[in-house]
Amino acid sequence: MFELRNVSKSYSGRQVLAPLDLEIPTGRTLVLIGPSGCGKSTLLRLLLGLLEPDSGTVLFGGEEMAGPQVLELRHKVGYVIQGGGLFPHLTARGNVTLLADYLSRPADEVRQRVEELRQLTHLQPEAIDRYPAQLSGGQQQRVALMRGLMLDPAALLMDEPLGALDPLIRAELQRDLREIFRSLKKTVVFVTHDIGEAAYLADEIVLMRQGRIVQRGTIEDLLHRPADPFVTDFISAQRNPLEDVKGAGVK
């Protein structure tokens, strides 16, 4: 679905991503994890074409994410950020349908799609016509997910979408997200700094450090076959990491 070939990125002379290669297969959930500033969010924005690489090529479905076709390609990728990023002057429904309305999709088709997504994300019926300020953090994130899925994208990019939620709501949304990922079978790239969340959601994990990929594999690989001492240090630094990953079936 995505391929990065020798891609690098710097800001003001500081290298954020070293030249790297990465392939992201179709229909799988890949979680990018690592400490703050390791380059995972930058990598996500490169995948979406919000940033241009300093070197290398970003491909989506075999097409280069660059030039005049970027906007068209972005319509095939859903994007969800921390806090939801909802427009406060629009209702939940207005936020969800914003791009579909801009693209003049048929009204009946849009209404049907909104109801499908409302049920999929377990958003209460009465919440869909409220404004973001009238919604809880968990509800806002469900609306953001609906917006990301509105055009039935081939891929979904999520940048620490649960980071600002309290633990109970976060755990509930983690369960819902895993169910949604498995039922829709879409390509998902999910950014987090939480190893337990990564283990629970991922088919594969990519652990990053200082703009480089340290290890790619399953949670079992990272726990039992670390490629570098940093892998063990990173996992050990997480609070109760082994308890967190039990939900993913790791023993």
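Guide: Helix axes are lines fitted to C-alpha atoms over the stretch in contact, and angles run from 0 to 180 degrees between N-to-C directions. In this predicted model, α5 and helix α6 (residues 167-184) pack at an angle of about 20 degrees, with their axes 11 Å apart.

Visitor: Why are α5 and α6 called roughly parallel to each other?

Guide: Angles under 35 degrees count as roughly parallel, and the angle between α5 and α6 is about 20 degrees; α5 and α6 are therefore roughly parallel to each other. Their crossing is right-handed.

Visitor: Which residues make α5 meet α6?

Guide: Contact means heavy atoms within 4.5 Å, and on the α5 side G138, Q141, R142, L145 and L149 meet I169, E172, L173, D176, L177, I180 and L184 of α6. Divided by kind, the residues of this contact of α5 with α6 are 7 nonpolar, 2 polar and 3 charged.

Visitor: What can be said of the packing angle and the axes of α3 and α5?

Guide: The angle between α3 and α5 is about 20 degrees, and their axes lie 8 Å apart. The contact is made by A92, N95 and V96 of α3 together with V143, M146 and R147 of α5, and its residues divide into 4 nonpolar, 1 polar and 1 charged. In this pair, α3 passes α5 in a right-handed crossing.

Visitor: What makes up the lining of the largest pocket?

Guide: Lining residues have an atom within 4 Å of a pocket point, and 22 residues line the largest pocket, with R74, V77, Y79, L99 and R147 lying nearest its centre. About 600 Å³ of space lies in this pocket. At least two lining residues come from each of α2 (70-74), β6 (77-81), α3 (92-102) and α5 (137-149), while α3 gives the most, with 5 residues.

Visitor: How many residues of that lining are nonpolar, polar and charged?

Guide: The lining of the largest pocket divides into 14 nonpolar, 6 polar and 2 charged residues.

Technical notes
Residues are numbered from 1 along each chain as its sequence is written. This is a predicted model: local features need pLDDT of at least 70, side-chain atom pairs count only at pLDDT 80 or more; totals for chains, interfaces and linings use all residues. Side-chain values use heavy atoms; hydrogens and water are left out. On a 1 Å grid over the protein atoms alone, a cavity is a set of points where a 1.4 Å probe fits but cannot get out, and a pocket is an open set with protein on both sides within 12 Å along at least five of seven lines; lining residues have an atom within 4 Å of a point. Grid points are joined across faces, edges and corners, and a volume is the space filled by probe spheres set on the points. Helices (H or I, at least four residues) and strands (E, at least two) are DSSP runs, numbered from the N terminus. Ala, Val, Leu, Ile, Met, Phe, Trp, Tyr, Cys and Pro count as nonpolar, Asp, Glu, Lys and Arg as charged, and the others, Gly among them, as polar. A crossing is left-handed if the near helix is turned anticlockwise from the far one by less than a right angle, and right-handed if clockwise. Angles under 35 degrees count as roughly parallel, over 145 as roughly antiparallel, 65 to 115 as roughly perpendicular and the rest as oblique.
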